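Please look over the notes below with the chain and the model open beside you. They are meant for someone meeting this structure for the first time.

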Amino acid sequence: MTSTQTSPLPFLKGHGTENDFVIVPDADNAIELSPAAVARLCDRRAGIGGDGLLHVVRSAAHPEVRHLADEAEWFMDYRNADGSVAEMCGNGVRVFARYLEHAGHVTAGEIAVATRGGVKRVHLDKDGSVTVSMGRAVLSDAGVTVTVDGRSWPARNVNMGNPHAVAFVEDLGHAGNLFTEPPYEPAAVYPDGVNIEFVADRGPRHVAMRVHERGAAETRSCGTGACAVAVATARRDGADPAASGAPVTYTVDVLGGTLVITEHPDGEIEMTGPAVIVAEGTIDPAWLSDSTGSVATGSVQAGSVPVGTQGIETVND
């Protein structure tokens, strides 16, 4: 098409432990969502609002993942709230799977979802929870020291496809307001920035966390952060599934709810948590294209719109 889209654009809204997303169904990959259009949709004051956008496309219809179509019918074309493209989002893929069930594309049980970070295996439980295979953690001895309001803690370096620094504290209030990134040294350990988790014990194999996500400030939930916290806590507690041959499970409380993280002897980490569809409707294309934002079909391009990036979940959330 060579004209601006005029038909209403369907959307849904969902969240996983209060990490929320705008969902745009587009099985045939007919809608071109520019960064500006995504940012406009995710704007919490002028748009629908979300930490990111889940563009739902059949893998066979998208050139980036067409080669994965035999493994996974559906592709999660994930966008950050500022419109930038990301490889994967752990909380997002749970919501994506819940949408596929809601729309009748899949039933409860095992499904595969294609992402830019590869095919993710997802289990939809009949009780409403969703389990995602999150890959393996990489631990480094190159740790850092994190400082907030004159207090300092050593932080464990854990990579879940994105970097994390996990610090254990007596009280989560010691993390401060987390509006700005807590300083850490040496900065060279994380040349591209880092997600910083503050962790307090709640009981046997049960912790609570707060997180400052790089480029975003504090968020309600971080899936990769919860995985990094579980692995770091297990090692602190002397538990290593690769050595013992037995899986280790931790309950991780985040501000938006609770996630259950299991590390298996082969290193694979599974994350289980809720995923909820809360609303659905249509977007007025005139609103979306008003001012500087737009959505296009085919060759029609969008403009740009400035928007804050609070709540952005980075690669492999």
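1. The largest nonpolar core has 52 residues, and those with the most contacts inside it are Met209 and Ile261. A nonpolar core is here a set of buried Ala, Val, Leu, Ile, Met, Phe, Trp, Tyr and Cys residues joined through side-chain atoms within 4.5 Å; buried means under 20% relative accessible area, exposed over 50%, and partly exposed in between, with a 1.4 Å probe and protein chains only. The largest share of this core, eight residues, comes from helix 3. Apart from it lies another core, of 18 residues, which includes Trp153, Val169, Ala175 and Tyr190. In soluble globular proteins, nonpolar side chains tend to be buried together.

2. Some words on the basis of these notes: the model is predicted, with local features requiring pLDDT of at least 70 and side-chain atom pairs counting only at pLDDT 80 or more, while totals for chains, interfaces and linings use all residues. Residues are numbered from 1 along each chain as its sequence is written, and side-chain values use heavy atoms, with hydrogens and water left out.

3. Which residues does Met209 contact, leaving aside its neighbours within four places in sequence? Counting as contact any heavy atoms within 4.5 Å, the partners of Met209 are Leu172, Glu197, Phe198, Val199, Cys222, Gly225, Ala226, Val229, Val252, Asp253, Val254 and Leu255.

4. Helix 3 covers residues 223-236, and at 1.5 Å a residue its 14 residues should span 20 Å, which agrees with the 20 Å between its end C-alpha atoms. The expected span is 1.5 Å times one less than the number of residues, and helices (H or I, at least four residues) and strands (E, at least two) are DSSP runs numbered from the N terminus. Twelve of the 14 residues of helix 3 are buried, so the helix is largely enclosed by the rest of the structure; among them are Gly223, Cys227, Val231 and Ala234. After helix 3 comes Gly238, with a positive phi near 80°.

5. A search of the whole structure finds zero disulfides, a disulfide being a pair of cysteine sulfur atoms within 2.5 Å. The sulfur of Cys89 has its closest cysteine sulfur in Cys222, at 8.4 Å, which is too far for a bond. Cys89 is buried, with a relative accessible area of 0%, and Cys222 counts as buried at 1% relative accessibility.

6. The structure holds 17 salt bridges, each defined as a side-chain nitrogen of Lys or Arg within 4 Å of a carboxyl oxygen of Asp or Glu. In one of them the side chains of Arg44 and Asp20 meet at 2.6 Å, N to O. Arg44 lies in the loop between helix 1 (35-42) and strand 4 (52-58) and Asp20 in strand 2 (residues 19-25), so the pair ties together parts that are 24 residues apart in sequence. Arg44 is partly exposed, with a relative accessible area of 36%, whereas Asp20 counts as buried at 10% relative accessibility.

7. Arg44 also meets Asp51 in a salt bridge of 2.7 Å, N to O, and Asp51, at 5% relative accessibility, counts as buried. Lys13, Asp20, Arg44 and Asp51 are linked in a network of salt bridges. Elsewhere, Glu73 forms a salt bridge with Arg58, the closest N and O atoms being 3.1 Å apart. Glu73 lies in the loop between strand 4 and strand 5 (74-80) and Arg58 in strand 4, so this pair ties together parts that are 15 residues apart in sequence.

8. Strand 6 (residues 109-115) is mostly covered, six of its seven residues being buried. Strand 6 pairs with strand 5 in the parallel sense over two bridges, and pairing as used here requires that DSSP find at least two bridges between the strands. Phe75 has Ala114 in strand 6 as its bridge partner. Strand 6 also pairs with strand 7 (residues 118-124), in the antiparallel sense and over seven bridges, and a hairpin joins these strands through two residues.

9. Where strand 9 (residues 138-148) meets strand 10 (residues 151-159), eight bridges join the antiparallel strands, with Thr145 opposite Pro154 in strand 10. The strands form a hairpin with two residues between them, and Asp149 in the turn has a positive phi of about 50°. Strand 9 is also joined to strand 12 (residues 184-185) by two bridges, again antiparallel, and Val146 stands opposite Tyr184 in strand 12.
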